[in-house]
Structure formats: structure tokens, C-alpha cells
Amino acid sequence: MEIVFKTSKIKKICEDHKQLSRLYGPQQADQIVKRINEFLSAENLFDISKLPQARLHPLSGSRQGTFAVDLKHPKRIVLAPLNGEASDLKTITGIEITDVCIDYH
């Protein structure tokens, strides 16, 4: 699956394990790297939905049209599809990582 980042800042942070560890702690940094590797290994978002530990779920409200995957509680990666239909995860072969955030509920 193709991955892009919403900002160069998010990209720089996600591609530097040392910086991830400083910002989120070593366990959370490992989880972020693991999720990104799972995205890279997947053909489409449907493959990610089959990973119970990722718990891919659609968001609503102001984040309508985006999805999130779990990291170590309470952090999540928020992503937006680059292509395909949100109703058919098999058609989504590219994502944009928009945020790594604390539980947004």
C-alpha cells in the first residue's frame, strides 16, 4: 500500500525512530513503526481490517471519511484514503497519515 504523510513534520517524525521514542516513548515508537510496516506490507486497507490488534475503524463527526488504527492506549494513527471508496476497503490502496494522536473521543 502507498503511504504519504499530511505534513513533512509528521513524515520526519515517523521516519526517525529516535525522534519517535523521544516524543512518544520507546514502546509507543515501536508500535508506530509496526503499524507503518503493516501498512506497507498490505495490498489494501481491507488487509489491515483483518488485523485484530490494529482495530481499524471509521471516524465520524469532524473526522468523517477518515479511519484510525490503535497503537498502545490511548494513542491512535489517523489516516485518510488516497483512492477508492470508504465503503469498500479493498479499493483503498493508498493512505495519507494525517495524525498520531491521543484518544480523540
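Partly exposed refers to a relative accessible area between the buried limit, under 20%, and the exposed limit, over 50%. The views below are taken from a predicted model.

**View 1. Arg 55 in the loop between α4 and β2.** Arg 55 sits in the loop that runs between α4 and β2 (57-58). Its relative accessible area is 40%, so Arg 55 is partly exposed. Although Arg 55 is not a glycine, its phi is positive, at about 50°.

View 2. Asp 70 belongs to strand β3. With a relative accessible area of 14%, Asp 70 is buried, because the limit for this class is under 20%. The side chains of Asp 70 and Arg 76 are joined by a polar contact of 2.7 Å. Not counting residues up to four places away in sequence, Asp 70 touches Arg 35, Gln 53, Ala 54, Arg 55, His 57, Lys 75 and Arg 76.

**View 3. The cis peptide bond between His 73 and Pro 74.** His 73 and Pro 74 are linked by a cis peptide bond, with omega of about 10°. Pro 74 is located in the loop between β3 and β4.

**View 4. The largest nonpolar core.** This core holds 26 residues, and Phe 39, Leu 45, Ile 48 and Ile 77 have the most contacts inside it. At least two residues each come from β1 (2-5), α1 (8-14), α3 (26-41), α4 (45-49), β3 (67-70), β4 (75-81) and β5 (94-102). Helix α3 gives the largest share, four residues.

**View 5. Contacts of Ile 48.** Leaving aside neighbours within four places in sequence, Ile 48 contacts Met 1, Glu 38, Phe 39, Ala 42, Ala 54, Leu 56 and Val 69.

Note on methods:
Residues are numbered from 1 along each chain as its sequence is written. This is a predicted model: local features need pLDDT of at least 70, side-chain atom pairs count only at pLDDT 80 or more; totals for chains, interfaces and linings use all residues. Side-chain values use heavy atoms; hydrogens and water are left out. A nonpolar core is a set of buried Ala, Val, Leu, Ile, Met, Phe, Trp, Tyr and Cys residues joined through side-chain atoms within 4.5 Å. Buried means under 20% relative accessible area, exposed over 50%, partly exposed in between (1.4 Å probe, protein chains only). Contact means heavy atoms within 4.5 Å. A polar contact is a pair of N or O atoms within 3.5 Å; within protein, one must be able to donate a hydrogen and the other to accept it, and residues adjacent in sequence count only if both atoms are side-chain atoms.
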